[in-house]
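Please examine the sequence and the fold shown below before reading on. The paragraphs after it are meant to be read with the structure in view.

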Amino acid sequence: MAHDHHHHHTENKKVLRLSFLIITLFMIVEVIGGFWTNSLALLSDAGHMLSDSISLAIALLAFQFSNQTPDANKTYGSKRFEILAAIFNGVALIVIALYIFVEAVQRFLDPPDVATTGMLIISVLGLLVNLLVAWIMTRGGGHEDNLNMRGAYLHVLSDMLGSIGAIAAALLIIFFGWGWADPIASVIVALLVLRSGYHVTKASIHVLMEGTPSDVDIDQVVSTIQTNEAVLGLHDLHIWSITSGYNALSCHVVVKADMTVRESESIREQIDHDLKHVGIDHATIQVETKQHDHGSTLYCDGKQQSHSH
């Protein structure tokens with residue numbers, strides 16, 4: 001499991017590095033083209049591509065930091081840096097969407113002249129670049145189960161929609177003279193960008209709040225532990241994500257009082273092994289007898305309990 005996690009990190013870094021180079025180079029072209037054509041749809045797409053470039057760079061840094069060896073100061077290492085990067089990407093998408101809304105309202109009221117031919121050419125090139133980068137990321141596969149990669153991937157998909165919106169707006173202006181198509185296309189794209197940003201941010205905050213991972217069925221976890229014949233009870237259960245694709249668990253299991261230390265250790269090892277089949281990568285299990293069970297609930301509220309002596 002640890003080897004697979006490291007392998008995915010290595011592949012993800014290669015994908016991000018190549019994507020960053022492609023996006024950054026074309027971003028420069030699109031920013032220049034956006035000012036030259038005076039198109040909001042193209043400028044918003046250029047601005048979004050700039051955020052793509054920044055988010056990809058941050059995602060690369062996140063993977064670099066997350067590989068740091070755990071020490072006395074950070075016993076889990078810096079794996080959570082990936083989640084912080086994912087939050088940044090999500091918030092950046094939301095901010096960009098809101099900015100596009102404001103600009104679109106102003107341009108809708110007073111549509112400016114747009115160099116539609118140049119807008120169309122650059123938009124088509126932008127779409128091709130985003131298709132290439134999205135294909136590279138899809139081949140890497142990390143966007144499905146890694147929040148950091150998902151945030152970067154959604155940036156690229158949203159940018160692809162921006163290019164499609166700019167192409168549609170350019171064609172409508174060329175054939176029908178609809179100058180308002182430029183800000184309207186921008187608003188549609190902004191809504192899609194806002195949706196992507198919301199979901200990435202929400203998922204990232206859920207991890208930071210140590211919520212139950214979305215890929216873990218908590219009832220299945222409880223059943224897996226209680227299926228062990230030696231387990232009489234279970235309490236103080238906690239399940240959370242250290243980072244994307246790396247889930248942790250801690251709990252207390254109650255066994256018979258006449259259990260030997262070796263038998264208790266064997267039970268713990270068996271439960272740990274079984275949990276790996278239901279999405280738990282790291283488990284901390286405290287084995288105790290009934291006399292040490294003070295009636296705690298399945299989900300501990302974290303409050304310090306007072307016991308009579």
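The account below moves from the chain as a whole to its strands, its cores and a few individual residues.

The model is predicted, so to speak of its local features requires a pLDDT of at least 70 and side-chain atom pairs count only at pLDDT 80 or more, whereas totals for chains, interfaces and linings use all residues. Residues are numbered from 1 along each chain as its sequence is written, and side-chain values use heavy atoms, with hydrogens and water left out.

The chain contains eight helices and three strands. Helices (H or I, at least four residues) and strands (E, at least two) are DSSP runs, numbered from the N terminus. Followed along the sequence, these elements give the pattern α-α-α-α-α-α-α-β-β-α-β. Of the 309 residues, 47% count as buried; buried means under 20% relative accessible area, exposed over 50%, and partly exposed in between, with a 1.4 Å probe and protein chains only. The accessible surface of the chain is about 16100 Å², and 62% of that belongs to carbon and sulfur atoms. Such areas come from the Shrake-Rupley method with a 1.4 Å probe, and for residues only the protein chains shown count as cover. Among contacts (heavy atoms within 4.5 Å) between residues at least 6 apart in sequence, 75% join residues at least 24 apart.

The strands may be taken next. Two strands pair if DSSP finds at least two bridges between them. Strand E1 (residues 233-243) pairs with E2 in the antiparallel sense over eight bridges, and Gly233 has Val254 of E2 as its bridge partner. Two residues lie between the strands in this hairpin, where Gly245 adopts a positive phi near 80°. Strand E2 also pairs with strand E3 (residues 282-289), here in the parallel sense and over eight bridges. Along this pairing, Leu249 stands opposite Ala283 in E3, and Val253 stands opposite Val287 in E3.

Together with helix H8 (residues 261-275) and E3, strand E2 makes a right-handed β-α-β unit. A crossover is right-handed if, with the strands pointing away from the viewer, the path from the first strand over the helix to the second runs clockwise.

A nonpolar core is a set of buried Ala, Val, Leu, Ile, Met, Phe, Trp, Tyr and Cys residues joined through side-chain atoms within 4.5 Å. The largest has 32 residues, of which Leu16, Leu56, Met119, Val133 and Met137 touch the most other members. Helix H1 (2-37), helix H2 (40-66), helix H4 (116-140), helix H5 (147-176) and H6 each supply at least two residues of this core, and H5 gives the most, with 10 residues. Apart from this core lies another, of 21 residues, among them Leu234, Leu249, Ile267 and Ile285. In soluble globular proteins, nonpolar side chains tend to be buried together.

The structure holds two salt bridges, a salt bridge being a side-chain nitrogen of Lys or Arg within 4 Å of a carboxyl oxygen of Asp or Glu. In one of them, the side chains of Arg268 and Glu265 meet at 2.9 Å, N to O. These residues are three apart in helix H8, and therefore separated by about one helical turn. Arg268 is partly exposed at 23% relative accessible area, and Glu265 is likewise partly exposed at 36%. Lys276 forms a salt bridge with Asp272, with the closest N and O atoms 3.9 Å apart. Here Lys276 is partly exposed, at 38%, whereas Asp272 is buried, at 18%.

Most residues other than glycine have a negative phi, and most peptide bonds are trans. Glu210 is found in the loop between helix H6 (181-208) and helix H7 (218-226), and is partly exposed at 47% relative accessibility. Asp236 has a positive phi near 50°, again in a residue other than glycine. Asp236 lies in strand E1 and is buried, with a relative accessible area of 13%.
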